[in-house]
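Take a look at the structure below.

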Amino acid sequence: MEVLVPFSTDHPKSRLSAVLTPDERAAFALATLRDVLDAVAAAGGEPRVLATGPVDADLPCPVTVDERPLTDAVNAALDARLESEANGRVAVVMADLALATPDALRRLFATGREADVAIAPGRGGGTNALVVGYPAFRVDYHGASYLDHRRIADEVGASVRVVDSHRLATDADEPADLAELLIHADADADGEGPRAARWLREAGFALDTTDGRVGVERE
Ligand SMILES: Nc1nc2c(ncn2[C@@H]2O[C@H](COP(=O)(O)OP(=O)(O)OP(=O)(O)O)[C@@H](O)[C@H]2O)c(=O)[nH]1
Ligand SMILES: C[C@H](OP(=O)(O)O)C(=O)O
């Protein structure tokens, strides 16, 4: 299954600007993208990065550059693929799913074969990953896009399955998400763990468990 991985090269991860400089945000976003591409390939998907501009790095898969906003770029890519492939399916997996594992993605892809649309919601109402096998379905990202995607599927008569996955629900959007990333990368790491968590540790981030909800602190 082809797996589109949208990636913003413009001002990535602006919601992390309180804790990371622009160069750090770009490096962290790239580390996370690489983790996601590896996990997609290990799950049997064929990743393709859908980027807003050229990616200044060697990536293990093709890159399509489309400067349009996220929703327009993804819909154009879905159109091109679903029209030409009868019964074909395309997945869209966000590049900031720092905890995505091959197992979690395999489950997403398998669920996507059982319905017209499979959605892995993000915490906070976003759509972190989906599989589309229904040409009339269109994405509409931002805001509570999980609810919007369910409504759109309903309107066009597409069946929906929801993938309930902690790993796919966690995206690296805000400083609190970095704690989530360190917690689970630490618990599951064999060897050095994924690049994104390693990058955070090397940048001096550690869990802050001193009081209340666990967060991150930086040396
Ligand atoms: N191709 C493409 N990808 C995008 C675009 N905007 C965001 N993305 C990617 O879509 C995913 C979800 O993005 P968001 O979390 O909404 O945005 P972000 O740029 O990562 O972070 P913020 O600036 O904090 O909103 C990430 O993988 C982004 O790299 C866009 O306009 N085009
Ligand atoms: C793209 C957007 O991501 P978020 O801003 O919720 O991370 C969404 O899932 O609709």
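An oxygen atom of ligand 2 is 2.8 Å from a polar backbone atom of H142. This is a predicted model, and the distances in this text are computed from it. A polar backbone atom of T127 also lies 2.8 Å from an oxygen atom of ligand 2. A side chain takes part as well: a polar side-chain atom of D171 is 3.2 Å from an oxygen atom of ligand 2. On its own, ligand 2 has 300 Å² of accessible area, and the protein covers 83% of it.

Which residues surround ligand 2? They are R15, L70, G126, T127, Y141, H142, S145, D171 and D173. Sorted by class, this shell has two nonpolar, four polar and three charged residues. As for its location, ligand 2 sits in the largest pocket.

Now turn to ligand 1. The space that ligand 1 takes is the largest pocket, and ligand 2 also sits in the largest pocket. Around ligand 1 there are 17 residues, of which S8, K13, S14, R15 and L50 come nearest. By class, the shell of ligand 1 has seven nonpolar, five polar and five charged residues. R15 is named among the residues around ligand 1, and R15 is also one of the residues surrounding ligand 2.

Which atoms of the protein lie close to the nitrogen and oxygen atoms of ligand 1? A backbone N or O atom of L50 lies 2.9 Å from a nitrogen atom of ligand 1. For F7, a backbone N or O atom is 3.4 Å from a nitrogen atom of ligand 1. D173 contributes its side chain: one of its polar atoms lies 3.1 Å from an oxygen atom of ligand 1. Taken alone, ligand 1 exposes 610 Å², and the protein buries 84% of that. D173 is also among the residues that surround ligand 2.

The last topic is the aromatic rings. How many aromatic pairs does a search of the whole structure find? The search finds one. The pair is formed by F28 and W199, with 5.8 Å from centre to centre and 50° between the planes, and it is tilted. F28 belongs to helix α1, which covers residues 22-42, while W199 belongs to helix α7, which covers residues 195-202. The two residues are 171 residues apart, so the pair links distant parts of the chain. A pair of aromatic rings is described by two values, the distance of the centres and the angle of the planes.

How values were computed. Residues numbered from 1 in each chain as written. Chains lettered and ligands numbered in written order. Predicted model: local features only at pLDDT ≥ 70, side-chain atom pairs only at ≥ 80, totals over all residues. Heavy atoms only, no water. Near = heavy atom within 4 Å. Polar contact = N/O pair within 3.5 Å; in protein donor to acceptor, adjacent residues only side chain to side chain. Areas by Shrake-Rupley, 256 points an atom, 1.4 Å probe, with all protein chains shown as cover. 1 Å grid on protein atoms, 1.4 Å probe; cavity = no way out; pocket = protein on both sides within 12 Å on 5 of 7 lines; lining within 4 Å. Sits in = over half its atoms within 2 Å of the grid points. Nonpolar A, V, L, I, M, F, W, Y, C, P; charged D, E, K, R; others polar. Phe/Tyr/Trp six-rings, centres within 6.5 Å; stacked < 30°, edge-to-face > 60°. Helix = DSSP H or I, 4+ residues; strand = E, 2+ residues; numbered from the N terminus.
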